[in-house]
Amino acid sequence: MKRIYALSIVFCLFASMAMAQTEKRLVKMKDGADWTEMKYHADGKLFTFTQTYHLDSGKQKIDVNTFTYNTNQIVMKCVTDNDPSMTDTWTSTLKNGLVEKDVVNINGNPDNDIFEYTYDTQRQLVRIKRTNDHTTSVTTVDITWKNGDIATVKTTNNGKLMHEERYEYDTANDNKEIRVYLSPLASILSYEALSPAGQLREGTYGVLCKHLYKASYVKSYSDPGPVQEVQDAAFTFTRNAEGLVTHISQLLNGDPQTNEYDLEWEDVTTGIAVNTATSTQSATYYNIEGVRLAQPERGLNIVRNADGSVRKVMR
């Protein structure tokens, strides 16, 4: 009977937790001597997005993008080479969980670029309007979707069509982490070498494309001569046995050779939720049979923290 009672305690402990699951999180993309590294808050939100470049002069350039999250605002600050005078600020204002407006300031300049967004009923981004608080110029980007992916993008400036883009997609079902960085949305939203990756990860620009794009094509109406479509970029993906993208070959229009990227992933345990209503004491410990312990013992221990969170610890 004592054994059954002990097991019932274990059941109650684990009943207060949602089923824990392991997910993969992207932590680094390497391109030869250059790399991009991602670090995360404890709640899984992107904390820093650091890009390190080696210049032709032999010097190194480091851009550190730091994200701060509030209920109705996300702020990204990009500092170059740890120099506060070289700080770009990207401020996103949210309404109903979606970015309504971005204000982008480059290096503390007196003018700001302003982006306003329109979404359809499926939370798909369909229009971007860009203005500047020191000029009258207006740029609009109109986006069409098909089967969950962006089909075409048209950009106009002061009413004049500048260029059109279309995309072809890889059919693999890749996870959200890689689609954040290799989605047409990421390239459409990027501005002045800045990318709002933290906002994209949180879904605040609406839904992501369902697939990675493998090729993009562009027609430019601003260039002299006849208008013709050219392939702007092409991607080839290599996946491991788990289906994760571990290598990318990218060929850009006009480049003599491909850019090669290696991706690094880490395991993250998620999905733990607890009932904190009765948690008013310091951490308590239990063995796997549910017997309360004075202190952790050798083997697997169950720890209930003062805030009600529950975790497993191996000693």
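This is a predicted model: local features need pLDDT of at least 70, side-chain atom pairs count only at pLDDT 80 or more; totals for chains, interfaces and linings use all residues.
Visitor: How many salt bridges does a search of the whole structure find?

Guide: A salt bridge is a side-chain nitrogen of Lys or Arg within 4 Å of a carboxyl oxygen of Asp or Glu. The search finds twelve. In one of them, arginine 239 pairs with aspartate 174, with the closest N and O atoms 2.8 Å apart. These two lie 65 residues apart, arginine 239 in strand E14 and aspartate 174 in the loop between E12 and H2. Helices (H or I, at least four residues) and strands (E, at least two) are DSSP runs, numbered from the N terminus.

Visitor: Is aspartate 174 buried or exposed?

Guide: Buried means under 20% relative accessible area, exposed over 50%, and partly exposed in between (1.4 Å probe, protein chains only). Aspartate 174 is at 7%, so it counts as buried, while arginine 239, at 28%, is partly exposed.

Visitor: Which residues does aspartate 170 touch?

Guide: Contact means heavy atoms within 4.5 Å. Not counting residues up to four places away in sequence, aspartate 170 touches His211, Leu212, Lys214, Phe237 and Arg239. Aspartate 170 is in the loop between strand E12 (160-169) and helix H2 (176-181), and is buried at 17% relative accessibility.

How values were computed: Residues are numbered from 1 along each chain as its sequence is written. Side-chain values use heavy atoms; hydrogens and water are left out.
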